[in-house]
Amino acid sequence: MTARVGVITFPGSLDDRDAARAVRLAGAEPVPLWHAATELREVDAVILPGGFSYGDYLRAGAIARFAPLMERLADAARGGMPVLGICNGFQVLCESHLLPGALTRNASLHFVCRAQRLRVENAKTDWTRSYEEGQEIVIPIKNIDGCFIADPETLEELESSGRVVARYVDVNPNGSLADIAGICNEAGNVVGLMPHPEHAVEALTGPSSEGLGFFTSVVQRMVSA
Amino acid sequence: MTTYGTEPVRPAVDTVARAAETPDAALPYAELGMNDEEYARVQRILGRRPTSAELAIYSVMWSEHCSYKSSRVHLRKFGEKAPHSDALLVGMGENAGVVDVGNGWAVTFKIESHNHPSYVEPYQGAATGVGGIVRDILSMGARPVAVMDSLRFGAPDAPDTRRVLDGVVRGVGGYGNCLGLPNIGGEIVFDACYGANPLVNALCVGVLKPEGIKRATAPGPGNQVILFGAGTGPDGIGGASVLASATFDEASHQKRPSVQVGDPFMEKLLTECCMEIFAEDLVVGIQDLGAAGVSCATTELAAAGTGGMDVNLDLVPLRDPTLRPEEILMSESQERMMAVVEPAKVARFLELCKRWDVPATVIGAVTDTGRLRMTWRGETIVDIPPGTAADEGPVYERPYERPADLDQLQADGPDRLPRPSTPEQLRDTVMWLAGAPNLADKSFVTSQYDKYVQGNTVLAMPDDAGVVRIGDGPQGIAIATDGNGRYARLDPYAGAQLALSEAYRNVAATGARPLAVTNCLNFGSPEDPGVMWQFAQAVEGLADACQTLGVPVTGGNVSFYNQTGTTPINPTPVIGVLGVHDDVTRRIQISFNVEGMSLLLLGE
Amino acid sequence: MARFVVEVMLKPEILDSQGQAVARALPRLGFEGVTGVRQGKRFEIELEGPADEAATERVRKMAETLLANPVIETFELRAE
Amino acid sequence: MARFVVEVMLKPEILDSQGQAVARALPRLGFEGVTGVRQGKRFEIELEGPADEAATERVRKMAETLLANPVIETFELRAE
Ligand SMILES: Nc1ncnc2c1ncn2[C@@H]1O[C@H](COP(=O)(O)OP(=O)(O)O)[C@@H](O)[C@H]1O
């Protein structure tokens, strides 16, 4: 049976179709989910895609967090369902307190779009098991509110429990604390990532196809589960 | 209930009946940019003086910006000299041209200027420039798939350039990024002549099925007219005539005209909403609201349809309830569209708008009266034949004359420049060129633009042309924009041709077959015979070159009055060329990315 | 040391898309009866020296040139 | 009708990159002696009904749930 991976569309989501494409390329079935729905449509995993939900007005992710579907998602996430928040999706997860910390304005105050080198620090999460620990990959980053911050205790907790999933290498594009590009919850099923793996799934349109691993990881987990 | 003096005192509405009774009442047509002759023409058309609402409509529709009154006689050449092309599905005259690219796909693209607003308020000016061109593409029935921006700024070290450049780039990026449109290319040129006249030309390209082409027309009496998108506020009131058509001088800068402010989030909702509306075939006609807002949409839709329309202006949703009808008619509030919908489909249309949180209101209906009639507070305030405003504006044959200084300028050739002769000097020259702002790396700008979104970008900055995949591939399109004001200043005929051939080569260099041309013609005041000569020459040059190359002009835009005092900018035709790739996997990049390849130089 | 607050708001006639987004979100969160939301910026500025007339004048100039965009915004300022 | 102002500022320990950018720009514009700039948000909220205790409570709830992110921000509120 193919894994069913839901992709939520909020008003202002931009990378929902791209995330669905990546899911398909990874061999799973993308299932569109509407923010105002109240059912998760029996999906095995969920992606919160990039974009500017509600225009990123107020704060990135602040309004999307209150979408009806988010309540269901929060329950499912606490129950162990794999959830990946990419860029705006990461912001929504932080605003929902499903992940700690916050994403604030880039240190440069500019939107930054570039092919970014990352190091996968934790290859045990539901979304990174296709990678090796320490593996370096190049995938796009594109955001203006990508600077990850957390208080010192939270940071210490993330570091000591191996919950930093990926770190920027060479350049820290947004001023994130400790070069953090992505983190996960304690159980490792909820991952937030600033860069965009769904834009690195085909060499033709991305800087590499090294982002595909995030999507094959969750498929692998479904198969092995 | 009796109220004593609590109602604000407001001037009475100028109704059609009142206009007939008071033929001699004075209206401020001159302030609205209309001359005596034009005003007299309106009176002849109506057989009476216009109401103030009617004057609002005529003044914006007959402004240079909307009516092309100075350029029209020249632009005809594009049509007259157009090479035959089977690919052309919609030519000049619609919101944007459409070309058939094969395999059941069509592409629509167009470039437009937002120069003056971008000087007054760079962020919002540039942002709303992107927003406007995207709605043009949307209104053809297409899904917008990419944007490009062609920019000109003053000298890099001029004090104002930083403000303008920073704001414009943030605006282009802020709007396009939020809309989810990859920015796949453009230009940035610095030249002192653009100091107080920056150029912001934005291009959008969209993809559709040929059978899904939509038109700006209101046929079928009884069909409902729906205004949807953002509310109407006092944005850029008078902007179309004051901002875009009047010479930019100290006085208008002092006046701080009300600028348009964009809401890209609303435009994203509007886009997705339109996609679903088109997929269910719910409209018989559609038009975006740009400059001249409701005036433009109602007159153009009505004129291109059965010919009549009744509109109740009280139904227009207002952001500011104190707006007068004239202001409602002239408001340039962004992110609005107007659709013509069969009565049976209205409910579904409104349902889809609701799903996307897009306000939508039925404000009128199509009629067969041949008249555009509008009421406000129960009174008729507009009653005109819509075509007279939309299509029958004044046409001027402005005098033109070769600039007197041109011989001298042309004589000042490169042979007078010192040549580097020693290795040292050569080295210095190379270093100087590499460091010149016009040649230097532009990634400080392009890194602020999302080029990956939608996942179809095959080539973008720094390649010669942007290439995007369409459908599921392997088909794709390539687009490049180019323009060189210095060449055009020396010889506008050849300059326009050089711009075209550069864009054409850039598209071809990716491996694409060039198919169609769009253009944005940025010039000084058409009232200056020297400028008018430059304009005529550039159009002629472009039309001739298009004929030779066998590619039709499918649309474009003219921006006049780019001048400071009496000094015009260098004439700057910016040309966009669209090409098609049968297989994007075979695209050619600019980088030498395979070892051992031979390097050949073609041409002389 | 002088401490000033500068409050920058969009002019009333200018579209406040951020405020509108908040206003539309509130009823969905169960907050009814909100008739308007405007969103602006607030700056806290610390200067060397006393909070006198001259300092106020300097902060006003800063607000005019940098903190507010006079084309679309207005500002108010006060010493704290 | 009740009118409230909610002021949201970053917690002092959180890096305020926008405020810092302003602070860096000021000397370039000739404004010396500025020792600190913080940038925050200001909301003007209009509610139906009187500006009583209950209304204040409702606005406080709005601020807590939506207008401010307690992880990084604090807010103050007052009736106007
Ligand atoms: N330089 C030009 N070259 C070709 N067509 C042009 C040019 N300028 C304007 N047009 C055409 O004239 C028509 C009216 O243009 P415009 O007023 O910009 O459209 P809109 O009504 O969408 O603003 C369009 O079809 C446009 O393509």
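Because the model is predicted, local features need pLDDT of at least 70 and side-chain atom pairs count only at pLDDT 80 or more, while totals for chains, interfaces and linings use all residues. Residues are numbered from 1 along each chain as its sequence is written, chains are lettered from A and ligands numbered from 1 in the order in which they are written, and side-chain values use heavy atoms, with hydrogens and water left out.

Let's start with chain B. Here you'll find an open sheet of 6 strands with mixed pairing, in the order β14-β15-β16-β21-β17-β18. Strands and helices here are DSSP runs numbered from the N terminus (helices are H or I, at least four residues; strands are E, at least two), and two strands pair if DSSP finds at least two bridges between them. At the edges sit β14 (457-459) and β18 (553-559) of chain B, each pairing on one side only. From one strand to the next, the twist averages 20°.

Now look at β17 (residues 513-522) and β21 (residues 572-581) of chain B: they pair in the antiparallel sense over 9 bridges. In that pairing, N522(B) stands opposite T572(B) in β21(B). Helix α20 (residues 492-509) of chain B lies across β16 (476-482), β17 and β21, and runs at about 25° to β21(B). For that angle, axes are lines fitted to C-alpha atoms, for helices over the stretch in contact (heavy atoms within 4.5 Å), and angles run from 0 to 180 degrees between N-to-C directions.

Staying in chain B, which peptide bonds are cis? One is M461(B) to P462(B), with omega near 5°, and P462(B) lies in the loop between β14 and β15 (466-469). Another is G473(B) to P474(B), also with omega near 5°, and P474(B) lies in the loop between β15 and β16. Most peptide bonds are trans, and most residues other than glycine have a negative phi.

That brings me to chain A, where D56(A) has a positive phi of about 60° although it is not a glycine. D56(A) sits in the loop between β3 (45-48) and α2 (68-78) and is buried at 13% relative accessible area. Buried means under 20%, exposed over 50%, and partly exposed in between, with a 1.4 Å probe and protein chains only. A178(A) has a positive phi of about 50°, lies in the loop between β9 (164-168) and β10 (180-184), and is partly exposed at 33%.

As a whole, chain A has 5 helices and 11 strands, and 68% of its 225 residues are buried. Its C-alpha atoms fill a box of roughly 40 × 35 × 35 Å along the principal axes.

Finally, chains C and D. Chain C follows the pattern β-α-β-α-β along the sequence, and 48% of its 80 residues are buried. How are the two chains related? A rotation of 180° with 0.0 Å of shift along its axis superposes chain D on chain C, with RMSD 0.1 Å. That is the relation of a two-fold axis. The superposition is by least squares on C-alpha atoms of residues with pLDDT of at least 70 in both copies. K41(D) comes closest to the axis of the residues of chain D, at 2.3 Å (C-alpha).
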